[in-house]
Amino acid sequence: MEMFQSTTDAGILTLTVSGRLDADTTPRFGDALNGCIEQGNHKIILDLAGVDYISSVGLRALMVGAKRVAPLGGKIVICAPHARVLKLLELAGFTSILPIAATRDEALERLR
Amino acid sequence: MASVSAVFSNDRAEISRLAGLAERFGQAQQLSDDEVMAINLVLDEVVTNVIDYGFEGFAGTPEIRLTMTLEGDELTILVEDNGRAFDPLQAAAPDLDVPLEDRPVGGLGIHIVRSVMNTVEYDRRGGRNVLTMHKTISRA
């Protein structure tokens, strides 16, 4: 699992993740996401285009992050999830509580 | 009939071994990528659950035994562990209709397992937890 982050206009942070989000790798991802939030980034694009696998532990980390930024007026937008990952997001009922965008531009629109 | 078995310890680092095993089994049996991922996910969820909750306060040597059998299109996954009696099927199904602020963060793992597999049964036999799961493989 690999991650890198970049800040775009209007204080929107993009965290790009690739590889697997399972019980073994997710703690590192969760720490990185929490770190971003603690640094004051409350509008976050989570680019999951490179994530080909997510388990409930990974899903939980997404929800924990979303729950943390919501009371701060923030939002996490999931961007370009792989079809298999999207299926899991649907199965977990996440598509009704987390905004999902097909592209970076669409994700930015949702956060502006 | 094809069968594979392996023993795992209660360490989250074992999850990547599980992924490799699911992949090799899937390739050997010419399963689709979607089926391999579904199997991987089920193994991951069940074994992670055992690793995280099955051995709390356990004094012996933790052992998680996996057996996977494919007969035609019928897949059987058996996960046994020697931890404390723990029935993961007792977990309440998550309510997927509540808003984000009220949504509990847990309970998704077993929901995923139940959704992917056709049947999931728990038994406590000879001091071991035994989870038996069946799925009809789609070859499409």
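In chain A, strand 4 (residues 75-79) and strand 5 run parallel and are joined by two bridges. The model is predicted. Chain A holds an open five-stranded sheet with helices packed on it. Chain B has three helices and five strands.

**Chain A: the sheet**

- The five strands lie in the order 1-2-3-4-5, and their pairing is mixed.
- Strand 1 (2-7) and strand 5 (100-101) of chain A are the edge strands, each pairing on one side only.
- Cys79(A) has Ala101(A), in strand 5 of chain A, as its bridge partner.

**Chain A: helices on the sheet**

- Helix 3 (residues 83-91) of chain A packs on the sheet and touches strand 3 (43-54) and strand 5 of chain A.
- The direction of helix 3 makes about 110° with that of strand 3 of chain A.
- Helix 4 (residues 104-111) of chain A also packs on the sheet, where it touches strand 3, strand 4 and strand 5 of chain A.
- The direction of helix 4 makes about 165° with that of strand 4 of chain A.

**Chain B: overall build**

- From the N terminus on, the elements of chain B run β-α-α-β-β-α-β-β.
- The radius of gyration of chain B is 15 Å, close to the 14 Å that the globule rule gives for 140 residues, so chain B is as compact as a globular protein of that length.
- The C-alpha trace of chain B spans about 40 × 40 × 25 Å along its principal axes.
- Of the 140 residues in chain B, 35% are buried.
- Take the contacts in chain B between residues at least 6 apart in sequence: 64% of them join residues at least 24 apart.

- Strands of a sheet pair through backbone hydrogen bonds, either parallel or antiparallel.
- Strand 1 (residues 2-8) of chain B runs antiparallel to strand 2 of chain B, with seven bridges joining them.
- Phe8(B) stands opposite Ile64(B) in strand 2 of chain B.
- Strand 2 of chain B also runs antiparallel to strand 3 (residues 74-81) of chain B, through eight bridges.
- Met68(B) stands opposite Ile77(B) in strand 3 of chain B.
- The hairpin of strand 2 and strand 3 of chain B has two residues between the strands, and Gly72(B) takes a positive phi near 65° there.

**Chain B: the two faces of strand 2**

- In a regular strand the side chains alternate between the two faces of the sheet.
- Strand 2 (residues 64-71) of chain B has a covered face made of Ile64(B), Leu66(B), Met68(B) and Leu70(B).
- The uncovered face of strand 2 of chain B carries Arg65(B), Thr67(B), Thr69(B) and Glu71(B).

How values were computed. Residues are numbered from 1 along each chain as its sequence is written. Chains are lettered from A and ligands numbered from 1 in the order in which they are written. This is a predicted model: local features need pLDDT of at least 70, side-chain atom pairs count only at pLDDT 80 or more; totals for chains, interfaces and linings use all residues. Helices (H or I, at least four residues) and strands (E, at least two) are DSSP runs, numbered from the N terminus. The radius of gyration is taken over C-alpha atoms; the globule rule is 2.2 Å times the number of residues to the power 0.38. A residue is buried if 20 or more other C-beta atoms lie within 10 Å of its own, exposed if 12 or fewer, and partly exposed in between; C-beta atoms are placed from the backbone. Two residues are in contact if their C-beta atoms, placed from the backbone, lie within 7 Å. Two strands pair if DSSP finds at least two bridges between them. Axes are lines fitted to C-alpha atoms, for helices over the stretch in contact, and angles run from 0 to 180 degrees between N-to-C directions.
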